[in-house]
Amino acid sequence: MKVKEILEKAYHERNLVKDEIKLLLMAEGEDRDLLLETADRVRKERVGDEVFLRGLIEFSSYCKNDCFYCGLRRSNQNAQRYRMQEDEIVEVAKRAYQMGYHTVVLQSGEDMYYTKDMLCSIIKKIKMVADVAITLSIGERSYDEYKAFKDAGADRFLMRFETSNKKLYRKYHPGMSFEKRIDCLKWIKSLGFELGTGFLIGLPEQTLDDLVQDIILVKELDADMIGIGPFIPHPQTPLKDAKEGSVDLTLKSIAILRLLIPDSNIPATTALGTLDPYGRQKGLKSGANIVMPNVNSLEYKLKYELYPGKICINEDATKCRGCIESIIVSLGRKVGQGKGQSRHYKKDS
Ligand code: SAM
Ligand code: SF4
Ligand code: FES
């Protein structure tokens, strides 16, 4: 089957078999361009030209986990740890709202210092001072905790499964279980959160077949938001000598998922912008419709080091807000108004 025919099928049926996805991931030259252009067209048809901004608040750099790729892993003695206190988090969320953000993403390592009650209190306080959607990205918790967060007013939840290859998952996530992660994602969905999930591209030993399976798993989990980013080696982790993930494979994966879940929200990730100075622009032209600028102060930005060379690390939140807007306008797009709920979610509910 030719790439053009596969794209026709994806467009009409929103479904592809493994071999077809693999052929798309391998597409080169004109075929590759056609894939990205088709995804861009579908993005325009289905979710329009608006690019929605999410204000990212990285509120704690402590983590109890030891993921092999991440600079925040607990074994990294050199990591700079901080915890923002409740009022400070609420204050930053309020500032983000005043800067024009209609969604804030509360992200952290898996830090149990923040109890269920503390997190619920933060969610409620933010909702009192700012008319924003709240996305949580805090990792694995119990069903009861997720339920409490939803009841407190949290709207969305982001948690990547990172890789669908169970052997690799076990290897890179000591003490964690792939099955548990999938259970958590299903709980989150069943509780009525807008669900975001995705994977890393370019983990050592990951094959093209693994990526095909990753794409299929995102579809099976019926994600409303899809987060895909290239792996970037961090010098203080066991994967320090590994090769970074491919920007091109990331763009193709974004494009394929735009075709398979056309109404979803897909960010052009910071990692993509870190590996390629035009990475975010390229992502936005390959099916993505979201950007997540950091709204924290410089001090915290520097300390939340998942990987080296992160963009915007020396830019304050106001500068990033202006910069990202000019990027969006330069692409002939516009900054989204309102909370930018996933159309895929709206359809479900
Ligand atoms: N601790 C929560 C979790 O793991 O879901 C949320 C924060 S975690 C830092 C957010 C994402 O960062 C992870 O899902 C992972 O894919 C990504 N990440 C971590 N280390 C990375 C690296 N070296 N390169 C690229 N992405 C990385
Ligand atoms: Fe912790 Fe998330 Fe980093 Fe894993 S990816 S070490 S869970 S912050
Ligand atoms: Fe941060 Fe451009 S978005 S400097």
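## A look inside a predicted model

Leaving aside residues up to four places away in sequence, Arg46 touches Arg14, Pro262, Asp263, Arg343 and Lys347, where contact means heavy atoms within 4.5 Å. This is a predicted model, so local features need pLDDT of at least 70 and side-chain atom pairs count only at pLDDT 80 or more, while totals for chains, interfaces and linings use all residues. Residues are numbered from 1 along each chain as its sequence is written, chains are lettered from A and ligands numbered from 1 in the order in which they are written, and side-chain values use heavy atoms, with hydrogens and water left out.

Let's stay with Arg46 for a moment. You'll find Arg46 in helix α3 (residues 29-47); helices are DSSP runs of H or I with at least four residues, strands are runs of E with at least two, and both are numbered from the N terminus. Is Arg46 buried or partly exposed? With a relative accessible area of 24%, Arg46 is partly exposed. Here buried means under 20% relative accessible area, exposed means over 50%, and partly exposed is in between (1.4 Å probe, protein chains only). Arg258 sits 212 residues away from Arg46 along the chain, and their C-alpha atoms are 9.6 Å apart.

Now for some backbone angles. Most residues other than glycine have a negative phi.

Which residues does Cys312 touch, not counting residues up to four places away in sequence? They are Arg280, Lys301 and Cys320. Tyr143, on the other hand, is 169 residues from Cys312 along the chain, with 35 Å between the two C-alpha atoms.

Next, the inside. In soluble globular proteins, nonpolar side chains tend to be buried together. A nonpolar core is a set of buried Ala, Val, Leu, Ile, Met, Phe, Trp, Tyr and Cys residues joined through side-chain atoms within 4.5 Å. The largest one in this model has 103 residues, and Ile126 and Phe149 have the most contacts inside it. Helix α10 (residues 247-260) gives the most to this core, with nine residues. Another core, of five residues, lies apart from it, and includes Leu56, Val105, Ile290 and Met292. As for Phe149, its contacts beyond four places in sequence include Lys116, Leu119, Arg141 and Phe193.

Finally, there's ligand 2. Around it are Cys63, Asn65, Cys67, Tyr69, Cys70, Leu72, Arg73 and Gly109, each with a heavy atom within 4 Å of it. That shell has five nonpolar, two polar and one charged residues. In this count, Ala, Val, Leu, Ile, Met, Phe, Trp, Tyr, Cys and Pro are nonpolar, Asp, Glu, Lys and Arg are charged, and the others, Gly among them, are polar.
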